[in-house]
Every structure is written in structure tokens, then in C-alpha cells.
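Hi,

Here is the structure you were waiting for. Please have a look at it, then read my notes below.

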Amino acid sequence: MSSYFIFDKIIVKENMQSRPDEHGKYGIYGGKFAPEVLMSALEELEKAFNRFYSDKRFKEELNRLLRTYAGRPTSLYFAQNLSERYGAKIYLKREDLVHGGAHKLNNTLGQCLLAKHMGKKRIIAETGAGQHGVASAMAAAVLGLECEVYMGTEDIERQKLNVFRMELLGARVNPVDSGSKTLKDAINESMRDWVTNVENTYYLIGSVVGPHPYPLMVREFQRVIGNETKEQIRDAEGRLPDTIVACVGGGSNAMGIFYDFLDDDAVELVGVEAAGKGLETGEHGASICAGTEGVLHGMYSKLLQDEHGQIKQSYSFAPGLDYPGVGPELAYLADSGRVKMVSATDEETLIAFEILSKLEGIIPALESAHAVHYAIEEAKAKAKERKENLIVVNLSGRGDKDIFLVEKVLGGECK
Amino acid sequence: MHLEEKFKELKERKEKALIGFVTAGYPTAEGTQEIARAMVKGGVDILELGLPFSDPIADGVTIQRASERSLEAGMNTDVYFEVAAGIKGVEKVCLTYYNLVLQRGLEDFIADCESAGIKGLVVPDLPVEESKPLLRICDRHDETDLIFLIAPTTTEKRMARILDVASGFVYVVSLLGVTGAREHISDAIHPLIRRIREVKTFIPLAVGFGISKPEHVRTVCEVADGAIVGSAFIRLIEKGLESESKASMLREIEEYTRSLKAGTKTV
């Protein structure tokens, strides 16, 4: 079992070691576009990460937490009913079973442990769906750190349950009423807090976004997903999958499951963005599929913006995908063709959400249901060609947080 | 005239620079020109004209709110340069975020600054590490200086790197935090200015963030070459929009500018 855990055997192949480069760049993407006040903090963070990440005791401590607190390794579940219905072999990587209900805790445990080693007492975090906020509150509680979470008032309204959970876990939730009142504004407000309290505060970013070294750190702390998956699918099927699918908001669950497969060229990696009400309506969260290059939140990446560079409001009924930017490494991998990017609308996603709930008894997060939609479509397409098809879906979170929203959308009638 | 010459001219008159900031297009494009005229009448030496961005991470709530209002009222980069070109009788500096410079194209943005008579460009989310492409273009045009910021947290190593390429003036961030008026000015200024002067003696230093009163300006001008006042102007405009007539708001801005300017005179 121990071989499942991250850090025990990190295989970094040569062409990967070059990313990011010393400036935190992934090709043209990434970098450090941060206010001057934060530059030394980012340098300090990079040094601390490099030091502790290669430290044996740090790894052991993190592994212990991942195993005994978070509940890793998560299972790779063969979804038999779904597979039979659509004519493929579909496996679900059950990140919804991680303590807290989403993959987010992998990262927050890693970063909170880092913060503790750095001697920081106060953690701040931003949250959209509330999942990163909950995971931050949990990690901070278990490691004895003070935690404050910034959350847009729009999201507070959509995810009341998670607000209550965070408060129960001892975190303070600070409502953000500026701009679009969602994730991007919560990030702005977190950065303002960090600028002000940089000397005693650790900013815990929840996805592979932000200035270097955040995209690198978050990817490394989420790599455990792909690392386990590789071992598990080999045990189960004796080979690697044909396709791995993950939803993409900022991109942390996608980078987490993709990274250890990047050099396995035969494995197709697919990221699914939120098409919201449809890409053509302009109301979506598809920064790679429909965005352009620019700088937001400290990184050069793909963004949703107008011709002058003002950031547009994103839209998705899944709050975790409602973000007008994306991680720089994913933008790079999409450009290079290694990762295929597609999108799913709210409507398509809702159907997949119901199918998975009914067929497998698993209620997925609305975010993850975007990936389930693609897996079903891919299975159907390949079934027509009568090809054997092995698909792994990263089921990044569970859907309990979404049931009220779904009830509202369905008008109180579950079909 | 280049910004450094402006500081030199002031020095000959035994004055320091009063740098006043307003968000362009707040409350309207025409309004900004009237407000700028009032500030010029009150004696502002350099006008820092903000081109608002939807996500201003280095700004506090006052400028953030003004940015939102301005964008809602239709401000964009095209309109900005028209407004800037219409403001005369003062040296002008543009403050904006890097994405707006990028989307116009670095070359075009600097060319537009030049045509509008803008002598300096402050980009709070463009640290020296990422500044090379823009710096090269500024150097080639030799009309608009790229203004760098130095903060209390800036390390010696980075300070040397910044001062090596800095021109026009250095924007000295007086405190850890975002923009916004504060009751007292930070104690961190004196040691910070000393640290900068140990590395470079001949570039003008202007102190900003949190400065709102004539006595703040006076204290700052004892050690620096200029004081930057931003959010306090925006608050005056906010207040004026709520209660008074436009004429009295403009009068108040002019008077306030005059009171601040008095703090920059060393004799």
C-alpha cells in the first residue's frame, strides 16, 4: 500500500524538470506579476517549498496526514453500470471520498504543513464553491493554525452549507461584496489581505493559479491523485487508460491527475471546462476554449477578457468552475496539444449528474459532473467504432453541497 | 519635460513635488478633466491619472470603488488617452495594471502615452523581474519613464536591481498594504529612504500609500522628493457627488490641493 503515496517514488522525467523554468514560466505562461510588497514573500515561499519538499521528515508527516486524516489512498472504482450502459470501461478516481468531500484537502494539508514549518500562524484562503475554504479550515484546525476565508457574497448565497461548515471548523468567513462577488473577487481580497499582513500570514491558494511558485506547489501537492491512479489502473487492468478526464476551473484536480501521465503519450488527457449557458452566449467559464492571453492574479495565462483587457465575469452553475482564468501550466499543455480541452454546458452536465447518481449511487459535485458528461460522450463515440475503451474520470468532489441548487434548477422535481 | 527635470526645477525653487492621483472617468470623463483643472489650479506638480482595471489588487476599497464606477460609466483605454491628452499645464503619469498595457500592445501603449503627453507609467503588478519587454520600449521612445515601486519588504538584492533600471522617480510604498488614506503615516519611511539612498543618491523618491493630510506631506517631504496623494482625492469626489454642487466640490478639491502643496515648500 505504501507505494500509493506521493513522495515515496516521485518519477520526474527529464523534459518535465524544465517546467517551470527558474522564472516560474511554462513556455510563455506563468511568471510572477505581483505587487512589489509581495515579491520577497514569494521568494521566501519558493525557498521554503524547495527546502521542505525535499525534506524526508516533512514528507513523512504529510504522508501520515494524507493516509490517516484525509483517508488516502482513495479508491479507483470500476463503474460497472455506467460502463455497461455506454459500452466502455469507465473508472472513477474517488476524490469525492477524501475527507471534506473533495480533492482540495490534498493541497491544503501540504500548504498548511509548509506554513507551519515556516513559522506562520495565520492562514488566509479564498473560496468559490466553498470546498477549498472547508479544506483550508480543516487543515488549519488539525495543524493548530488560525484561518480566515474570503468568499464572494454571490457564492455565500449559493453554498450556504459550506459557509456553516467552515464556521463550525473554527474559520472566519469574510464576505466579499466587490466586482462579480465570486471567486475572482475573493482572490483579489485575499491578495489585499496578504499585502497588508504579509509578515505573519500565509496565503493558501486553492488551485494551480496565481504567481509562481503557487502553480508549481499546488500541482505537486495534488500529484498524489495521478500517482495513485497509475498504480491502481495497472493493478486492475494491467495497462494504462486510453483517456483520463478531469474538469477544469483553475485546474488543480486536472493537473493532479494528469501530471504523472504527461510522458505516457498513448494516454489521452482531456480537460473539461464549463460552457455554462453555451460558449456562444458569452456566459461560461471556458478560459482555454474561449479565452485569450493576459495577466490576472499574478500569472500570465488564458483569460476571459474584453478587447481592452478588462476581465469579464465568468459563469457556470458549478461555482468551482466559475473563474475567468486558468492555471498557466494547463494553458501551456493545451497549446502544446498534450492536453485536449473541451467544454460542457450546464444542461449537459445536469444530465450526467443525474445519470451517475441513479446508475452508480454516487452524487458527483457539479464540477466533476462536467467530466462525467465527457466520459459518457466519449464512451458512446468509441462504442460506435467498436473499439475497446478504458476511461478514467477524476471524480474530484461529491455533490452534497449542490443538492439545493440542483433542486432549484429541476424545479423540485427529480426525474 | 522629463520627470527628473521637473523634480530638478522644483528643487531650484526649494520645493518638493506634490503628486495627486485620480481615477480617470470617475465620475465621468468630462468630470475628470474639470477635477484635473482644479488640482492644477491648487498647485499639483504631477498628476497621476489612473486607467481603471476590473481587478485592482494593489488598491484599497476607495480606489477600487472609483474604478468600478468609472468602468460602468464607459471608461476604456481609448477614452483614457483622449481624457489624458485634454489635460494641460501639468506633468502627467499613467497608473494602470499590466493586462491593460498588454492588450493594447506594449509598443502602442507607450506611443499613445507619448502622444497624450504622459511622462511616466506606473504598473503596480509589473515587478522588475517581468519588466524587460516594456522597459526596452520605454527606453527606445525615451519620452515615458517606467516608474518602479520599492516597498519596506524589498530586499537589498532586488532594490539594487530596481534602482539599476529605474528612471523618472521611484514610487516608495510607505507601508505594507493597499492604497487608502490613513490617520498616521508609517514609521517605515525613514529607514526605507535611507536604505534606498545607500544604493543610489540621484533619483527622485516620491512616497505614497496612506498620505492624506498636509502634515503627512510635510513629514514625507523632509526626507523624500515628493508625496503622492490618491485615495483622499477620490474621497473628496465621492463626498462631493453625494451632497454638494459640482462647483463647490471643485473649489474644495482646489483648496485641498493648495493645502497639501504648502507642505512641499521647504522655505
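Of the contacts in chain B with a separation of 6 or more, what share comes from residues 24 or more positions apart? The figure is 74%. Keep in mind that this is a predicted model.

Chain B overall: the secondary structure comes to twelve helices and eight strands. Its radius of gyration is 17 Å, close to the 18 Å from the globule rule for 267 residues, so chain B is as compact as a globular protein of that length. Its C-alpha atoms fill a box of roughly 50 × 45 × 35 Å along the principal axes. Of the 267 residues, 62% are buried. Chain B exposes about 10200 Å², and carbon and sulfur atoms supply 50% of that area.

Now the cores. The largest nonpolar core has 171 residues. Those with the most contacts inside it are A:Leu114 and A:Tyr202, plus B:Tyr80, B:Leu134, B:Phe169 and B:Tyr171. Helix H2 of chain A (residues 36–53) gives the largest share of this core, ten residues. A second, separate core holds 29 residues, including A:Phe258 and A:Leu333.

B:Tyr80 deserves a click. Beyond its neighbours within four places in sequence, B:Tyr80 is in contact with residues including B:Ala24, B:Leu49, B:Met75, B:Val93 and B:Ile118.

Last, the surface. A:Ile363, A:Ile403 and A:Phe404 form a nonpolar patch there, with about 290 Å² of accessible area together. A:Ile363 sits in the loop between helix H15 (346–360) and helix H16 (366–384) of chain A. Its relative accessibility is 38%, so A:Ile363 counts as partly exposed.

Best wishes

Note on methods
Residues numbered from 1 in each chain as written. Chains lettered and ligands numbered in written order. Predicted model: local features only at pLDDT ≥ 70, side-chain atom pairs only at ≥ 80, totals over all residues. Heavy atoms only, no water. Core = buried A, V, L, I, M, F, W, Y, C linked by side-chain atoms within 4.5 Å. Buried < 20%, exposed > 50% of the residue type's maximum accessible area, 1.4 Å probe, protein only. Helix = DSSP H or I, 4+ residues; strand = E, 2+ residues; numbered from the N terminus. Contact = heavy atoms within 4.5 Å. Patch = residues over 30% accessible without salt bridge, like charges linked within 9 Å, V, L, I, M, F, W, Y side chains within 5 Å. Areas by Shrake-Rupley, 256 points an atom, 1.4 Å probe, with all protein chains shown as cover. Salt bridge = Lys/Arg side-chain N within 4 Å of Asp/Glu carboxyl O. Rg over C-alpha atoms; globule rule 2.2 N^0.38 Å.
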